[in-house]
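Hello,

Here is the structure I promised to pass on. My notes follow below it.

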2 protein chains.
Amino acid sequence: MRSTPRRFRDYPSHMTEQLHIDIANCFTDRVGATHGIAAADLNAAQSRMGDLTDRLAEMDKAGETRWRGLCHDPMRKEHLGAVSQVVADTNAYFESNSSGKRCKHLVVLGIGGSALGNIALQSALKEHVHNLTPCTHRIGPRLYVLDNVDPHFVGDTMRYLEIKDPGLKHTAVNVISKSGETAETAAQFMIFRDWLKSHLGDSYRQHIVAITDPSRGTMRSIVDVEGYATLPVPDGVGGRFSVLSPVGLFSAAMCGIDINALLAGAAAMDLRCRLREFKSNPAATIAWLLMEFNQRGKGNHVMMPYCNALYSLADWYRQLWAESLGKRVDLQGREVFAGATPIKALGTTDQHSQVQLYREGPNDKVFGFVDVSEWDRDVTIPSNLKVDAISYLQDHALSELIAAEKRATEYALVESERPNFTITMPRLNAHHVGEFIQLWEVITAYAGLILNINAYDQPAVETGKVATFGLMGRDGYADWKAKVEARLG
Amino acid sequence: MRSTPRRFRDYPSHMTEQLHIDIANCFTDRVGATHGIAAADLNAAQSRMGDLTDRLAEMDKAGETRWRGLCHDPMRKEHLGAVSQVVADTNAYFESNSSGKRCKHLVVLGIGGSALGNIALQSALKEHVHNLTPCTHRIGPRLYVLDNVDPHFVGDTMRYLEIKDPGLKHTAVNVISKSGETAETAAQFMIFRDWLKSHLGDSYRQHIVAITDPSRGTMRSIVDVEGYATLPVPDGVGGRFSVLSPVGLFSAAMCGIDINALLAGAAAMDLRCRLREFKSNPAATIAWLLMEFNQRGKGNHVMMPYCNALYSLADWYRQLWAESLGKRVDLQGREVFAGATPIKALGTTDQHSQVQLYREGPNDKVFGFVDVSEWDRDVTIPSNLKVDAISYLQDHALSELIAAEKRATEYALVESERPNFTITMPRLNAHHVGEFIQLWEVITAYAGLILNINAYDQPAVETGKVATFGLMGRDGYADWKAKVEARLG
């Protein structure tokens with residue numbers, strides 16, 4: 001039985017301190033011949049997937065996947081050093097210039113790949129009440145990631161900060177934009193720079209940390225004139241693959257997240273994802289499964305953590321999966337309209353919202369559960385309310401209840417022939433979150449190769465950008481305004 | 001041209017104070033013959049849709065859609081009166097028993113239909129910084145809706161409340177469960193009751209408001225013994241249709257939301273949705289379009305507000321759409337696996353995450369934008385940073401930028417032949433949110449009729465519930481534990 005998928009059930013049970021992947025519910029013996037994958041198909045894919053592993057190794061050597069090296073030296077060492085230095089300098093500045101008090105508020109200005117990773121790390125690794133908690137009980141500043149230009153969202157945050165920190169002496173702004181020309185981030189930057197300046201005078205410069213291209217572009221030219229502290233968006237690392245670069249690391253480190261452990265976890269996972277033996281390589285396995293299901297009419301890919309803190313990682317995954325794989329043409333330029341639709345859901349919450357559809361609606365989905373083995377903090381259900389119908393709950397911990405609910409949902413999906421798999425985090429910590437991030441980045445790379453598309457560009461975003469320029473009156477884009485009006489009336 | 005879909009573009013432009021619906025981008029003249037709907041098909045649907053309008057009116061008369069009457073008298077008057085009374089009593093209690101201070105923290109225990117509406121109303125109609133804002137600058141208590149049994153999520157909220165309100169004198173708990181047997185809510189209730197009791201002694205009873213079945217069930221029997229203030233989950237109103245009942249109204253009213261205006265808006269929309277003339281009836285029109293697209297291979301239904309505050313309404317819609325329409329069998333018992341997959345997205349944020357897929361991936365989606373005409377508060381982009389590449393932004397308001405981005409995205413989707421429609425809120429207020437809620441509930445009712453399924457049950461959720469009972473050791477469910485183990489190993 002060594003070569004059947006059954007062995008994946010316990011994969012890799014002997015290594016308890018790494019992500020555990022269970023794909024058993026994807027196969028015919030669990031979900032039936034119509035909707036499951038035959039073990040033989042998995043075995044038959046070894047040769048092709050081994051070749052793709054070689055191909056990815058070549059691309060890595062050729063410098064085509066620089067994101068993959070973020071967790072390895074020399075980039076790892078370089079970025080950890082640079083980020084730690086700017087964190088130390090920022091903290092020192094606030095301690096010396098704010099009557100001995102530290103930075104209390106950190107506002108991140110960024111969108112897409114310059115925001116989703118920051119939000120995901122914060123949600124996964126800090127308490128959900130972090131921003132609510134008084135600074136006496138909190139490590140690090142409150143963090144606000146402003147990834148939209150909604151006037152209420154932005155303006156209300158500013159008004160709130162003026163209540164809490166009237167002179168803005170304890171407020172830092174971290175602007176993240178490779179080019180500096182992303183309209184949303186540029187607009188926010190103009191607003192926040194002016195706002196800091198009006199409150200702080202010339203010292204506003206010390207309240208801004210810019211993460212941008214190290215040598216060129218609009219933001220770089222601004223930074224060079226203004227003299228902010230800066231960190232690099234590394235060359236050749238696209239936005240959605242940048243969370244393990246200074247883009248994601250700076251705000252995380254400011255809030256006290258162990259970025260060293262994050263990168264160590266990513267590096268450990270990366271080694272597993274370089275194994276040529278397909279079924280020992282979690283990225284190759286999951287990529288193959290998802291693309292196989294995609295081809296068989298299951299192109300809706302649900303990521304469903306049973307853990308509130310991990311829900312934002314599903315948003316990060318949504319960008320990675322959608323933007324990397326959603327492509328009109330393949331590498332030969334043929335129209336293929338490739339891609340799969342990432343969907344986020346939360347257990348147990350969405351059992352009471354989405355599971356009815358997931359079990360009884362069109363069988364067009366694959367479900368990726370994410371769960372946690374050991375919770376650092378738990379709550380026990382007390383036994384002093386004697387009511388028959390609910391007394392079975394007493395003396396159980398919430399961790400037991402959420403685990404039972406997850407298993408029950410898995411069972412219910414299997415009963416309805418809906419394939420699913422589970423990624424288990426031994427604990428909720430930076431190491432395992434790092435593993436998770438690297439895993440999905442490499443899965444995406446494999447999926448791109450399987451689909452035969454370019455996983456690293458985003459050509460379709462361009463039209464919306466230039467049409468926005470036109471509508472906002474940017475010089476040279478007037479024809480776009482005309483085009484929009486002609487089309488939409 | 002009166003009978004062509006073109007007239008919908010300005011529908012209903014003469015009434016500026018109601019939701020505006022624009023469906024022009026669904027038709028062949030905009031998105032092409034392959035992916036668009038012909039105007040003739042819309043016209044041909046008048047007779048059938050008129051019949052469904054009659055059918056819904058009959059169902060309403062027969063008491064089969066009691067949710068529809070929540071915004072009309074007598075239920076409206078009755079619930080407004082009862083909710084206002086409990087809000088007044090609760091506030092009076094806290095003012096007299098907490099050294100003259102009011103209720104500062106309101107914890108809602110509920111899940112699914114007992115939580116999503118509460119979250120949506122709070123997000124839509126209170127500032128996103130509401131919970132962060134000090135009580136000197138805030139109307140109403142902080143609101144925490146605990147719609148999961150994640151041990152960190154629940155436990156960290158409790159620990160935080162013990163920091164802010166060590167004796168819990170300013171903390172109220174609102175438990176929402178029709179039966180009282182929903183495992184997640186029951187577990188939370190046991191925990192919070194015990195926790196309040198241990199801090200407050202016998203007066204804990206005055207800190208709990210229960211919303212439950214008015215006459216029967218486990219929670220009702222607890223309430224009768226314990227003597228909490230209560231409000232009804234009205235008979236015949238299912239969870240996902242209950243936001244305009246006390247289920248959603250109590251926490252909203254506690255936080256200062258104008259629940260009167262909310263119901264008035266819903267009632268106004270309901271009248272529009274009773275028009276037999278199909279194309280003047282926004283619910284009939286949208287339901288027909290979405291079900292038509294569903295049948296034509298576009299079963300992924302994206303709701304994409306260009307407004308952070310409205311993003312949680314998309315979660316509320318997700319439950320409504322998924323749980324109502326995702327059904328294995330039709331009304332004649334034939335296996336149909338009906339349903340459409342609701343997906344939430346946020347503009348502009350997801351332009352940098354999902355739009356690449358939306359434009360170039362499989363053409364299997366319909367996009368429903370939601371936008372806001374007049375923003376109550378705005379932010380202007382200043383003009384004191386002279387940089388050529390971004391100076392086009394200066395002196396514009398963020399409201400202009402977000403509107404341009406929305407229009408640009410609409411244009412980009414149309415260019416790629418992706419059908420979409422827009423629901424516009426004249427302003428972000430309770431009246432229009434009420435309209436929006438009623439609109440989608442009636443759309444769902446129409447869609448259920450078109451699909452010929454029961455939109456009001458959720459049979460598939462049962463398996464997960466009883467399997468959870470089995471795994472948690474509830475008496476009489478041991479066989480379910482055995483079944484799960486046999487299936488999942």
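The contact between the chains takes 115 residues from chain A and 115 residues from chain B. Two residues count as in contact if their C-beta atoms, placed from the backbone, lie within 7 Å. On the side of chain A that touches chain B, helix α14 (residues 398-415) of chain A gives the most, with 14 residues. Helices here are DSSP runs (H or I, at least four residues), numbered from the N terminus. By class, that side of chain A has 54 nonpolar, 37 polar and 24 charged residues. Ala, Val, Leu, Ile, Met, Phe, Trp, Tyr, Cys and Pro count as nonpolar, Asp, Glu, Lys and Arg as charged, and the others, Gly among them, as polar.

A word on the source. This is a predicted model: local features need pLDDT of at least 70, side-chain atom pairs count only at pLDDT 80 or more, and totals for chains, interfaces and linings use all residues. Residues are numbered from 1 along each chain as its sequence is written, and chains are lettered from A and ligands numbered from 1 in the order in which they are written.

Now the domains. Chain A divides into domain 1 (5-44 + 262-451), domain 2 (66-257) and domain 3 (460-489). These bounds come from an automatic or database domain assignment. In chain A, 23 residues of domain 1 are in contact with 22 residues of domain 2. On the domain 1 side, α10, α12 (311-325) and α15 of chain A each give two or more residues. α12(A) gives the most, with nine. That side divides into 14 nonpolar, five polar and four charged residues.

Best wishes
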